[in-house]
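I opened my notebook to look up how two chains meet. Here is what I wrote down, entry by entry.

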Amino acid sequence: MGEIFGLLSFGPDGWGDEIAAGTWLTIQLALATLPFGLVFGFLVALARNGENRWLRGFGDAYTTVFRGLPELLTLFIVYYGGQIALQRFINLFSDTYVEVSGFVAGMIALGLVFSAFASDVFLGALRTIPKGQAEAGQALGLNRLQTIALIVAPQLLRYALPGLSNLWLVLLKDTSLVSIIALDDLLRQTNVAVSSTKEPFFFYLTACLIYLALSIISSVALQAIEARSFRGEERIGSKAEAA
Amino acid sequence: MDFELLARYGPRMLEGLFVTVQLVTLSVVIGGALSLPVAFARLGKNRWLSRFAFCYIYFFRGTPLLAQVFLVYYGAGQFRAELEAVGLWWFFRDAFNCAVFTFTLNTSAYQAEILRGVIKAIPRGQFEAAHAAGLSPFATYFKVILPQAFLIGLRPYGNEIILMIKGSAIASVVTVFDLMGTTRLAFARSFDFQVYLWAALLYLAIVETLRRVWDRLEIRMTRHLRPADANTLRTNGQKQFQT
């Protein structure tokens with residue numbers, strides 16, 4: 001039994017360092033995707049919530065497409081399609097060969113999926129904020145930017161956080177798909193370890209437990225953030241408002 | 001649109017679509033059956049059963065589906081001798097079976113969690129009333145609780161089926177020729193990117209159809225919860241009878 005754990009040691013004999021490097025890449029990819037997905041998701045939510053018919057149509061179509069496609073297919077479309085499109089574009093000027101980085105393709109694909117789901121979350125949150133809040137801001141003499149930054153945004157974040165927390169956990173798991181386009185994330189490093197040690201069960205279980213650990217750490221952190229976002233919000237007060 | 005390409009790979013992709021439907025149907029139905037004992041174990045009084053169910057649910061929800069598929073498919077290969085000894089090897093040697101097996105376990109965890117959520121959402125009085133009426137626990141669940149739970153759970157169940165449809169694309173990674181698998185094959189042979197776009201349209205069509213059917217279903221199943229003159233009220237733009 002001890003022998004098999006030796007496979008996880010760091011150094012030339014063990015796979016510990018490779019797997020740690022893969023885990024780090026997984027974390028980097030998820031963290032790199034997050035801001036892009038959040039900003040895009042928010043913009044799409046604004047488009048869907050706005051007055052402009054075309055923007056609304058675009059937002060709805062965007063959400064429908066990237067919520068409905070399998071994540072793996074989105075990844076392939078971005079990776080191969082991006083490769084082809086970029087190559088054609090480059091060929092207009094020169095005939096150098098370009099290769100789309102798997103990391104960037106993964107980031108874009110996961111970001112598209114994340115932003116589609118996030119726009120739903122933001123839209124739901126936007127609609128829970130009564131119109132009177134923005135009007136009250138104006139009545140106080142705040143300009144539009146101040147109204148958004150000081151009045152709407154803090155409440156929006158509070159309502160959106162639980163949904164966004166879920167999306168983060170989904171994103172963390174979805175990063176495993178990039179292993180298929182040969183990016184050296186946790187799962188791919190595990191594949192490599194398996195193909196040379198012939199211990200699939202042990203290594204895949206280890207990978208699963210690492211993903212699980214990342215989820216648990218994230219959940220704890222997110223709960224702390226959520227609790228903090230609700231400071232100053234009295235339960236009874238919010239109920240009275242709903243009635 | 002390249003019709004020659006469509007003629008060559010279209011039929012095969014439709015066969016793949018059929019495999020996808022089989023994969024999802026089998027997994028969701030068997031997983032649904034399996035989710036009942038898991039959810040009841042989780043909700044039940046037995047501390048160890050409840051803990052076991054918690055770990056089961058946490059594991060399958062907290063780790064990537066792709067890693068789970070690898071764990072089962074390649075892990076089973078490692079235990080070939082043992083599986084042959086118990087006469088189960090014929091099952092696990094087939095990639096399709098492994099995919100169904102993994103998806104079933106995965107969706108049963110998600111469905112158990114949905115079930116737990118909706119059962120907890122049902123007022124305690126319903127349990128007490130059933131108890132007072134002298135119903136057995138079995139009858140209480142099947143005659144009183146589950147029919148109500150079904151209504152609350154309709155939307156999350158629909159989302160879970162959609163997640164399964166999208167997730168099933170992962171089976172293509174372990175050589176199952178579902179819609180994604182046949183598409184990848186077509187791409188590998190033709191190097192024509194549009195096959196991915198066809199697959200995208202097919203996936204979107206299924207997911208959107210399901211979503212719309214679900215919307216209808218929800219409207220129909222909640223018809224007793226709406227006031228008879230809800231429509232006239234809505235056109236008046238006033239809620240006259242609200243207290």
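**Polar links between the chains.** I looked up polar contacts between chain B and chain A and found 7 residue pairs, both residues at pLDDT 80 or more. A polar contact is a pair of N or O atoms within 3.5 Å; within protein, one must be able to donate a hydrogen and the other to accept it, and residues adjacent in sequence count only if both atoms are side-chain atoms. Helices here are DSSP runs (H or I, at least four residues), numbered from the N terminus.

**Ground rules.** This is a predicted model, where local features need pLDDT of at least 70, side-chain atom pairs count only at pLDDT 80 or more, and totals for chains, interfaces and linings use all residues. Residues are numbered from 1 along each chain as its sequence is written, chains are lettered from A and ligands numbered from 1 in the order written, and side-chain values use heavy atoms, with hydrogens and water left out.

**Salt bridge.** I counted 1 salt bridge between chain B and chain A. Lys166(B) forms a salt bridge with Glu71(A), and their closest N and O atoms are 3.2 Å apart. The term means a side-chain nitrogen of Lys or Arg within 4 Å of a carboxyl oxygen of Asp or Glu.

**Size of the contact.** How many residues does each chain bring? Contact means heavy atoms within 4.5 Å. The area buried between the two chains is about 3,000 Å², and carbon and sulfur atoms give 78% of that. In chain B, Leu71(B), Lys166(B) and Phe193(B) lose the most area to chain A, together 19% of what that side buries. Buried area is the accessible area (1.4 Å probe) that two parts lose on being put together, summed over both.

**Arg67(A).** Next I checked Arg67(A), in helix 3 (residues 53-68) of chain A. Is Arg67(A) buried or exposed? Arg67(A) counts as buried because its relative accessibility is 18%, and buried means under 20% (exposed is over 50%, partly exposed in between; 1.4 Å probe, protein chains only). Its side chain makes a polar contact of 2.5 Å with that of Asp120(A). Not counting residues up to four places away in sequence, Arg67(A) touches residues including Lys166(B) and Arg211(B).

**Phe201(A).** Last, I found Phe201(A) in helix 9 (residues 200-229) of chain A. Phe201(A) is partly exposed, at 32% relative accessibility. Leaving out residues up to four places away in sequence, Phe201(A) touches Leu71(B), Gly75(B), Gln78(B) and Phe79(B).

Note on methods
Helices (H or I, at least four residues) and strands (E, at least two) are DSSP runs, numbered from the N terminus.
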